[in-house]
Amino acid sequence: MAARISRSAPAERQGVDGAIGRPDHIGKILATAPVMAMMPGQMAQRIAAAGNAAWRADQAALAKAGEDKFRVMAELRAIARSAWTRADQRNRQLWFGLGGAAIGILAWAIVPGLVGRNVVPASWH
């Protein structure tokens, strides 16, 4: 059994593996373990402290994720507000086209009269 113990295994594990079948040696290993020196209250305090530290880390990660989500949502809302929908764009194109045609008709009706009266020589009248 001792031949299977690797050199990279922790000392406590090597001691337990080497003590299989020898209860007196297992008792010595357990008696020298640091966890056995702690009282149940101390163990509970260490577990609670580790739990609180993990909870604080989780809360910080959740808060950061929430802030990132709100920032991304605000950016998406800004993009959505600034973009015209296809129907709005077609409607604007129609109105600009009709307005351009109306201005063109008015200009074609007014400009030739002005040019005819003011620009051309009097002998052309």
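Here is a short briefing on the protein shown above. It is a predicted model, in which local features need pLDDT of at least 70, side-chain atom pairs count only at pLDDT 80 or more, and totals for chains, interfaces and linings use all residues. Residues are numbered from 1 along each chain as its sequence is written, and side-chain values use heavy atoms, with hydrogens and water left out.

**Fold and confidence**
- The protein has 4 helices and 0 strands, where helices are DSSP runs of H or I with at least four residues and strands are runs of E with at least two.
- Mean pLDDT (the predictor's confidence in each residue, from 0 to 100) is 81, and 81% of residues reach 70 or more.
- Confidence is lowest in helix α1 (residues 11-18), with a mean of 56, and highest in helix α3 (residues 40-82), at 92.

**Surface**
- Of the 125 residues, 3% are buried (under 20% relative accessible area; exposed is over 50%, partly exposed in between, with a 1.4 Å probe and protein chains only).
- Ile26, Leu30, Val35 and Met36 form a nonpolar surface patch with about 360 Å² of accessible area together; such patches join nonpolar side chains within 5 Å, from residues with over 30% relative accessible area and no salt bridge.
- Isoleucine 26 sits in helix α2 (residues 23-32) and is partly exposed at 36%.

**Salt bridges**
- There are 2 salt bridges, each a side-chain nitrogen of Lys or Arg within 4 Å of a carboxyl oxygen of Asp or Glu.
- Lysine 64 pairs with aspartate 68 at 3.0 Å, N to O; they are 4 residues apart in helix α3, about one helical turn.
- Arginine 71 pairs with glutamate 75 at 3.3 Å, N to O, and both lie in helix α3, 4 residues apart.

Technical notes:
Patch = residues over 30% accessible without salt bridge, like charges linked within 9 Å, V, L, I, M, F, W, Y side chains within 5 Å. Areas by Shrake-Rupley, 256 points an atom, 1.4 Å probe, with all protein chains shown as cover.
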